Amino acid sequence: MTETLAQPPSHGPLTAADVMQPALSTVEPEDHAAAAAYLMRHAGATALVVVDGDQTKRPLGLVTEADIVRAVADKKDLDQIRIRDLMTMNPTVITADTTVREAAEAMLAGHFRHLPVVSDAGLIGIVDIADVCRALLDVPS
């Protein structure tokens, strides 16, 4: 007796939409760095997208754990310093239909670990290096 196992339908290469996390926590440039650290800690995030307000959610930059660590190492007061002083401006962004491979290539080329995912309506999610690695290695999350 021969058994045929059903294969899941393949819709082509995995895309950012398949692996992205919702950008549940965002910050604005005038927020304090301490607020970013607090949000990262409680959201379990390694980066936050800096947006231009609740209306458009257009990514202006990224603030990462590394940015916070540098500020602390430089003895900056996180209750005084603003996110605009720490953030990486004009981050590379991708769309939901960007393939995971293209996202990985962008991360390697730019030497970064996070990519905001955008649509015409603004920010819709974020992809980090762990999302990309899991997808490329076919490891469940």
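Helices (DSSP runs of H or I, at least four residues) and strands (runs of E, at least two) are numbered from the N terminus. With that in hand, the protein chain here has 5 helices and 7 strands, and read from the N terminus they go α-β-α-β-β-α-β-β-α-β-β-α.

A quick heads-up: this is a predicted model, where local features need pLDDT of at least 70 and side-chain atom pairs count only at pLDDT 80 or more, while totals for chains, interfaces and linings use all residues. Residues are numbered from 1 along each chain as its sequence is written, and side-chain values use heavy atoms, leaving out hydrogens and water.

A nonpolar core is a set of buried Ala, Val, Leu, Ile, Met, Phe, Trp, Tyr and Cys residues joined through side-chain atoms within 4.5 Å. The largest one has 15 residues, and Ala 36, Val 63, Ile 68, Ile 83 and Leu 86 have the most contacts inside it.

H2 gives the largest share, 3 residues. A second, separate core of 12 residues includes Val 100, Val 127, Val 132 and Ala 135.

Contact means heavy atoms within 4.5 Å. Leaving aside residues up to four places away in sequence, Val 63 touches Val 27, Ala 36, Met 40, Ala 47, Leu 48, Val 50, Ile 68, Ile 83 and Leu 86.

Methods. Buried < 20%, exposed > 50% of the residue type's maximum accessible area, 1.4 Å probe, protein only.
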